[in-house]
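This briefing covers side-chain packing and side-chain contacts in one protein model. Please read the points below with the sequence and coordinates at hand.

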Amino acid sequence: MHRRRFIASAFAAGAGLVAPIARAANFPDPSRTIRLIVPFAAGGGVDVLARLYAEALKDKHGLTVIVENRGGASGTIGGEFVHKAAPDGYTLLFSASTHTTARLVMREVPYDPLTDFVPIARVGEAPMLVIMSKDRPQTSIAEVVAAARKDPGQWVFAASSLGSMGYLATVAFNQNAGLNLTITSYRGTAPALTDVAGGHVQLMIDPLLVLLPQARAAAR
């Protein structure tokens, strides 16, 4: 079974271990394009970080790096694409810790995230942030919890994907608050954030990288 390389952008502790990689002396070849596959929709935290990383590789090493978004199925669509690619180091999976948790929340994953891939770098991490639709009057977590306990049907959480760190943080939030609010899974942070901003979904927990600008804009 071939092992594929991936870059783990770790938004949570424990993801992204560095492992030695055997490669040719002339790797990477500057004349070849490196593809960073982001298994989530454009505009999310992983996508933003991937594009910053691609620019850094270009500026520092003169490499041509393109970012491709292949979102869906808790990141496994992009993961499967890389799994089936030639194991030559020019197609890399730029993902979050969702990569290793997918098999815990999905019935079938088309690969083994631990044995079919080789982690080569941890490139970032970010704290989590809770945001709320601006049409709600609550001003604190305590007020949100009280309102949700009184009328749980009026409160729904958005999650960037099933098994993402935001999703797991939301499960923990429900447990700690004694709630059982519905969690709706999306194809990435950006579409989930759009629904929160539009008031279609009331709450979301995700890395601060993308959520903070939205929260600051709403507070103006």
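Over the face of which ring does Arg 70 lie? Arg 70 lies over the face of Phe 81, at 3.8 Å from the ring centre; a charge sits over a ring if NZ of Lys or CZ of Arg is within 6 Å of the ring centre and within 35 degrees of the ring normal. The model is predicted, with local features requiring pLDDT of at least 70 and side-chain atom pairs counting only at pLDDT 80 or more, while totals for chains, interfaces and linings use all residues. Residues are numbered from 1 along each chain as its sequence is written, and side-chain values use heavy atoms, with hydrogens and water left out.

**Nonpolar cores**

- The largest nonpolar core has 16 residues; such a core is a set of buried Ala, Val, Leu, Ile, Met, Phe, Trp, Tyr and Cys residues joined through side-chain atoms within 4.5 Å.
- Here, buried means under 20% relative accessible area, exposed means over 50%, and partly exposed lies in between (1.4 Å probe, protein chains only).
- The residues with the most contacts inside this largest core are Ile 34, Leu 36, Val 38, Val 46, Val 65, Val 67 and Phe 94.
- At least two residues of this core come from each of strand 2 (33–38), helix 1 (45–61), strand 3 (64–69) and strand 4 (91–95); helices (H or I, at least four residues) and strands (E, at least two) are DSSP runs, numbered from the N terminus.
- Helix 1 gives the most to this core, namely five residues.
- Another core, of twelve residues, lies apart from it and includes Val 145, Ala 148, Trp 155 and Phe 173.

**Aromatic pairs**

- The count comes to three aromatic pairs, where rings of Phe, Tyr and Trp (its six-membered ring) pair if their centres lie within 6.5 Å, and planes under 30 degrees apart count as stacked, over 60 as edge-to-face and the rest as tilted.
- The ring centres of Tyr 53 and Phe 94 are 5.9 Å apart and the planes stand at 50 degrees, so this pair is tilted.
- Because Tyr 53 lies in helix 1 and Phe 94 in strand 4, the pair ties together parts that are 41 residues apart in sequence.
- Tyr 53 is partly exposed, with a relative accessible area of 25%, whereas Phe 94 is buried at 0%.
- Phe 157 and Phe 173 form an edge-to-face pair, at 5.4 Å centre to centre and with 70 degrees between the planes.
- This pair links distant parts of the chain, 16 residues apart, with Phe 157 in strand 7 (residues 156–159) and Phe 173 in helix 5 (residues 165–177).
- Phe 157 is buried at 0% relative accessibility, and Phe 173 counts as buried at 15%.

**Salt bridges and charges over rings**

- The whole structure holds five salt bridges, each being a side-chain nitrogen of Lys or Arg within 4 Å of a carboxyl oxygen of Asp or Glu.
- Asp 88 and Arg 32 meet in a salt bridge, with N to O at 3.1 Å.
- That pair links distant parts of the chain, 56 residues apart: Asp 88 is in the loop between helix 2 (76–84) and strand 4, and Arg 32 is in the loop between strand 1 (4–8) and strand 2.
- Asp 88 is partly exposed at 29% relative accessibility, and Arg 32 is partly exposed with a relative accessible area of 37%.
- Arg 32 also lies over the face of Tyr 90, at 3.8 Å from the ring centre.
- Glu 68 forms a salt bridge with Arg 70, with the closest N and O atoms 3.5 Å apart; Glu 68 is buried at 17% relative accessible area, and Arg 70 is partly exposed at 31%.
- Lys 84 and Glu 80 form a salt bridge whose closest N and O atoms are 3.3 Å apart.
- Both Lys 84 and Glu 80 lie in helix 2, four residues apart, about one turn of the helix.
- Lys 84 counts as exposed at 62% relative accessibility, while Glu 80 is partly exposed with a relative accessible area of 26%.

**A contact across the sequence**

- Thr 98 is found in helix 3 (residues 98–105) and counts as buried at 2% relative accessibility.
- The C-alpha atoms of Thr 98 and Tyr 167 are separated by 9.6 Å, with the two residues 69 residues apart along the chain.
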